[in-house]
Amino acid sequence: MRRILAIESSCDETACSIVNEKLEIESSVVTSQIDVHSRFGGVIPEVASRMHVEQISVMVKAGLKDHDLKDIDAIAYTIGPGLIGSLHVGAAAAKSLAFFYDKPLIGVHHLKGHIFVNELIEPLTYPLLALVVSGGHTELVYMRDEDSFEILGTTLDDAVGEAYDKVARLMGLGYPGGPKIDNLAKEGKKHYELPSPKVAGYNFSFSGLKNACLQLKDRLNRRDENLIGADLAYAFQEVALGHLLDKTLKVMQDYPVNHVLIAGGVACNSRLRELMGEKIKGAKLTLPPLKYCTDNATMIAVAAFKELNHQRFVSLDAASKPSFGIDE
C-alpha cells in the first residue's frame, strides 16, 4: 500500500495529510490564519509566511502522529501558484523530509489539487469541465483526460473571490467577504439593479460589477438614502454567480462535456451550489463537500498520486512558482 505525505502552504493555511493509493485519508490536519488576517481586511503575505514558519513543524508532527516516515513512499508539496514566501516554507519542509529520509519529491500544482480532490467523492469522467473559483483564481479548465488541462476562460481582472472581498469591504462587512455576502444575501430581495459583465468568449470580468456597487453606494449617500445591505448583497451575488454560470453553460454548448465540477474556496458558496444543481443538465455534476473546497493537504496528496504513477518527480533545487498556469 503506497502512501504519500503532502504539505500545503500556498496562502494562509498550513496543512499536512497522509493519503494511501486507495485514496483513503489516513491523517489530515489544517490550521488557518484567518483570525489574524481578518484584522487587516485581507491576507498579508509577510505575516502569512512567518506564521507558516511557526506552524509547519507542528502540522507535520501532527500529521505523522500515527505513522512512521519509513512507511511513506513519497513527499508532496504545493509548488505553485501562491504567495512566494508561503510556498517557500512548505517547499523547505518537504525537501528536508525528502532529503533526510531519501524519499521521492513531488511538486503539485495547487489548482490540480482542487480539481482532483473530487475523486474522493466519485470517479472523474472525461471530457471534464472544472469551474475553478477562489480568491485568486477564476478559470474554466477543460480536461480531455487526467493529463490534459486547457484553460478556456479566465478572469480579465479580479477573481470572483477577490470581488466578493472588495464588495464586502465597501459594505463594512469585514474579511473574508465570501461567506458574509452569501449569508447576508439570503435576507435580501430584488431591489437594486447592477449591470451584468459583458465579456467575449469564455472569459470573466468582475471589476465593473465591483465598481457598480461602489457607485451605487456613493449615489445613495449623495441622496441621503440608506443602503440596504442585504439587498445589495443579493444583487451583487446574483449577477456575479450568473456570470459564472453563463460562461460554464456556453462551454457546455460548444464542447463535449461528460462531467462538470466546481473547485476552490468559492465552491463553498451556497447559492452557487444551488444554481449549479439547477442549471447543469446532461452531464454529471460534482459539488465537493465544503471541507474539500478550502485549502488542505489532502487535495495535494490525491493529485500527487497522478505524478507518482507516472514517476514524475522534482529535484531538491526545484523552484517554487508563485505564477504557475495549470496548462504549463
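Analyst: In this predicted model, five strands make up an open sheet, arranged in the order S3-S2-S1-S4-S5 with mixed pairing. The edges are formed by strand S3 (25-32) and strand S5 (105-109), each of which pairs on one side only. On average, neighbouring strands of this sheet are turned by 20° against each other, direction ignored.

In general, the strands of a sheet pair through backbone hydrogen bonds, and they do so either parallel or antiparallel. Strand S1 (residues 3-8) and strand S2 (residues 13-20) run antiparallel and are joined by six bridges.

Helix H3 (residues 84-101) lies across S1, strand S4 (74-80) and S5, and runs at about 160° to S4. Helix H11 (residues 297-309) also packs on the sheet, where it touches S1, S2, S3, S4 and S5. The direction of H11 makes about 130° with that of S1.

The model has six aromatic pairs. One of them is the edge-to-face pair of Tyr164 and Phe236, with 4.9 Å centre to centre and 80° between the planes. Tyr164 belongs to helix H5 (residues 160-170) and Phe236 to helix H8 (residues 229-254), so this pair links distant parts of the chain, 72 residues apart. Both Tyr164 and Phe236 are buried.

How values were computed. Residues numbered from 1 in each chain as written. Predicted model: local features only at pLDDT ≥ 70, side-chain atom pairs only at ≥ 80, totals over all residues. Heavy atoms only, no water. Pairing = 2+ DSSP bridges. Helix = DSSP H or I, 4+ residues; strand = E, 2+ residues; numbered from the N terminus. Axes fitted to C-alpha atoms, helices over the stretch in contact; angles between N-to-C directions. Contact = heavy atoms within 4.5 Å. Phe/Tyr/Trp six-rings, centres within 6.5 Å; stacked < 30°, edge-to-face > 60°. Buried < 20%, exposed > 50% of the residue type's maximum accessible area, 1.4 Å probe, protein only.
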